[in-house]
Amino acid sequence: MKKTKLFLGVLLLSAFTKGYSQTYKNAFGVSIGATQDGYGVMLSHNYFINDRNSISASILATDAKYKIGENKIGYNDITLNLGYSVPLYLTQNRKFGIVFGSGVVLGYEIVNGNKDLNLSNGSLILDESKFIYGAYVGLDFDYLINDRTTLFIKVNEYYHANSDLGKFVPFAGIGLRYYTN
C-alpha cells in the first residue's frame, strides 16, 4: 500500500511539474523568408494572456525590387506589427499547432535608396520614401522541437494603405521560437 501511494504521489508531482513547465508567458522568434519581389527578416515577441491567446509584436524588414517594364525599383519596408493571436488548431500534446493572428502595421518605406531614378522610357521616379500604415492577417504553423523551442512557418499578408509600390505584400518565412517564463 505504501509503494502504491508513493508511486501515485511521484506521478502526480511529475505531472504537475510538467504541466507548469509548459505554461510560458513570453515567446521570442526569428524568421527569414520571401516577400513580394524580394526577401525579409522578422523578429517577433508574443506575450501570452492565457495558455493559448497572445498579444504579438514584430518587426519586419524587407528588401525588394518592384518591376516596371524592363526597370526595377528597389525598395525596403521596415514595419512594426502589433496584433492578437489565437490558436485555430492544437494537438492534444501541443506538438503541432496552427495559430491565426491579425493586427495593425506601422512603418517606413524607403524607395530606391532615397535616390531619383530615370527609367528607360524617359520617366523620372522621384524619391517617394514615406511612413506607411495598414493591417495584416496571418497564420503560424508551429512544430514543437523540445520543451522551450518550436520550429514555425509564418505566412502573413500585409495591407499598406498608403504605399505607392505594394498595397498587398505577402511574407512567408521559416524560423525558430523560444519560450520563457
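**Exercise 1.** Work out how β8 (130-144) and β9 (149-160) pair, and over how many bridges.

*Solution.* Start with the direction: β8 and β9 run antiparallel, and 11 bridges hold the pairing. Strands here are DSSP runs (E, at least two residues) numbered from the N terminus, and two of them pair if DSSP finds at least two bridges between them.

A quick note on the model: it is predicted, local features need pLDDT of at least 70, side-chain atom pairs count only at pLDDT 80 or more, and totals for chains, interfaces and linings use all residues. Residues are numbered from 1 along each chain as its sequence is written, and side-chain values use heavy atoms, with hydrogens and water left out.

**Exercise 2.** Follow β3 (54-68) to its partners β2 and β4.

*Solution.* First take β2 (38-48): 11 bridges join β2 to β3 in an antiparallel pair. The two make a hairpin with 5 residues between them, and Val41 sits opposite Ala61 in β3. Then move on to β4 (71-90), which is antiparallel to β3 over 15 bridges. Here Ile68 faces Asn71 in β4. This hairpin has 2 residues between its strands, and Gly69 takes a positive phi near 60 degrees.

**Exercise 3.** Find which strands close the barrel, and in what order.

**Exercise 4.** Describe the largest cavity: how much space lies in it, and which residues are closest to its centre?

*Solution.* Begin with the count: there are 3 cavities of 30 Å³ or more. A cavity is a set of points on a 1 Å grid over the protein atoms alone where a 1.4 Å probe fits but cannot get out, and lining residues have an atom within 4 Å of a point. Volume means the space filled by probe spheres set on the points. The largest cavity holds about 520 Å³. Of its 26 lining residues, Phe48, Asp51, Leu90, Arg94 and Tyr179 are the closest to its centre. Finally, sort the lining by class: 9 nonpolar, 9 polar and 8 charged. (Nonpolar covers Ala, Val, Leu, Ile, Met, Phe, Trp, Tyr, Cys and Pro; charged covers Asp, Glu, Lys and Arg; the others, Gly among them, are polar.)

**Exercise 5.** Which element gives the most to the lining of the second largest cavity?

*Solution.* This cavity has a volume of about 160 Å³. Its lining has 19 residues, with Ser56, Ser85, Tyr136, Asp140 and Lys154 the closest to the centre. β8 gives the most, with 4 residues.

Key:
On a 1 Å grid over the protein atoms alone, a cavity is a set of points where a 1.4 Å probe fits but cannot get out, and a pocket is an open set with protein on both sides within 12 Å along at least five of seven lines; lining residues have an atom within 4 Å of a point.
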